[in-house]
Amino acid sequence: MTPGDGMMITPEVLDQLERRYLPAAEQKCVICGAPLTFSSSGEGGNRYNCSSAGASPLAATLRSDVPLLKRMEHYRGSAWTDRGEASPHVVELVRAYRAMAFPEKAS
Ligand SMILES: [Zn+2]
């Protein structure tokens, strides 16, 4: 068995891991990069969605010229559930590995 056998660690896998283990306060919308905001409590954990007006399904914030359907897609697409797995150590590892394996993708 050599490194690289079995599961491929792609940049996408690293992004998924980072998103899964980042604490809620540091989560960003995958669509626009805005911070996420608490939206509801469910069985799987606390649900967060994009905080930007462009992602609001609420009529109260209709100031936005983005059509409702687009805002709904944005809102749903940004959904993230806090399952209590946040781990700064895992995030640190993911970032270190990304910087080593995919230097062009490291931020
Ligand atoms: Zn967004």
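Hi everyone, let's start with Glu73, which sits in helix H2, residues 68-77 (helices being DSSP runs of H or I with at least four residues, numbered from the N terminus). This is a predicted model, where local features need pLDDT of at least 70 and side-chain atom pairs count only at pLDDT 80 or more, while totals for chains, interfaces and linings use all residues. Residues are numbered from 1 along each chain as its sequence is written.

Back to Glu73: it is partly exposed, because 15 other C-beta atoms lie within 10 Å (20 or more would be buried, 12 or fewer exposed, with C-beta atoms placed from the backbone). Its C-alpha atom is 10.0 Å from that of Ile31, 42 residues away along the chain.

Now the helix pair. H1, residues 11-21, and H3, residues 88-101, have axes that come within 9 Å and cross at roughly 160°. That makes the two roughly antiparallel (the label for angles over 145 degrees). From H1, Leu14, Leu17, Glu18 and Tyr21 meet Val90, Val91, Val94, Tyr97 and Arg98 of H3, contact meaning C-beta atoms within 7 Å. By class, that contact has seven nonpolar residues, two charged and no polar ones (Asp, Glu, Lys and Arg count as charged, Ala, Val, Leu, Ile, Met, Phe, Trp, Tyr, Cys and Pro as nonpolar, the others as polar).

Conventions:
Axes are lines fitted to C-alpha atoms, for helices over the stretch in contact, and angles run from 0 to 180 degrees between N-to-C directions. Angles under 35 degrees count as roughly parallel, over 145 as roughly antiparallel, 65 to 115 as roughly perpendicular and the rest as oblique. Two residues are in contact if their C-beta atoms, placed from the backbone, lie within 7 Å.
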